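Here are my notes on the model, as numbered points.

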Amino acid sequence: MASTNGSPTNGPAANVDTQEIAKFDALAAKWWDTTPNSEFYPLHQINPLRLNWISEHGNGISGKKIVDVGCGGGILAESMARRGAEVLGVDMAEAPLAVAKLHAEQENVTNITYRRVPVEQLAAEQAGQYDIVTCMEMLEHVPDPAAVVQACFDLVKPGGHVFFSTINRNPKAYLFAIIGAEYVLRLLPRGTHDFKKFIRPSELASYIRQAGLSYDHIIGLHYNPLTKYYWLAPNVDVNYMVHTRRPA
């Protein structure tokens, strides 16, 4: 049965930005709103792309044990469970987790569990227990992204796969991800992103290698506002995803 459990550590060492958590708590009721004007409509649109890319590079999802770090309202986590994975979704925002749990219960998705717990604490509890770790659209919302990458390494089994997505830090990314997405097209609520927290691919690659992961593949996520079409392509100027592996 889909559930939430676990008592998080909320001490000064917790890698949490309370303002970021508050943003997503405030929007929790809208996570599963798939109407075009919904703040989370873009996530629903890109989710099949993310899901298929993860499945392709992770040698399939069915039967795998997966943890989705920064799962929010469960859009990706639930889609992986629907493909036959045993999924744990973790986040530090209470309201989105409650929405995720309720949606899974309503849809009778029983092979998924949710916990409010810092990923570093989870890694200490469950080191090396997961076939796949996903951490999508989360690194740009925490004070110490390198610590999250390290925790993802700790969680995955030797030979397992870890997937990240984030936003590049350059003028084009500011124009597209903040001015375009938040102010012009209103795809996202204003204030969703802080440009200073965006992460260059070279910086993420450094975190990945410092953690002990091998850097396997990078791909960009693109959007045409005229056709409202999303696709994957090699250019990583704005949104991008990275596939890594823990050496066997």
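1. The salt bridges come to 13, counting a side-chain nitrogen of Lys or Arg within 4 Å of a carboxyl oxygen of Asp or Glu. This is a predicted model, where local features need pLDDT of at least 70, side-chain atom pairs count only at pLDDT 80 or more, and totals for chains, interfaces and linings use all residues. Residues are numbered from 1 along each chain as its sequence is written, and side-chain values use heavy atoms, with hydrogens and water left out.

2. Glu-137 pairs with Arg-50 in a salt bridge, with the closest N and O atoms 2.4 Å apart. The two are 87 residues apart: Glu-137 sits in the loop between strand E5 (130–136) and helix H6 (145–155), Arg-50 in helix H2. Helices (H or I, at least four residues) and strands (E, at least two) are DSSP runs, numbered from the N terminus. Arg-50 is buried at 4% relative accessible area, whereas Glu-137 is partly exposed at 27%. Buried means under 20%, exposed over 50%, and partly exposed in between (1.4 Å probe, protein chains only).

3. Asp-17, Glu-20 and Lys-197 are joined in a network of salt bridges.

4. The structure holds zero disulfides. Cys-152 is buried, at 0%.

5. Pro-42 lies in helix H2 (residues 41–57) and is buried at 10%. Leaving aside residues up to four places away in sequence, Pro-42 touches Leu-187 and Tyr-230, contact meaning heavy atoms within 4.5 Å.

Methods:
Disulfide = S-S within 2.5 Å.
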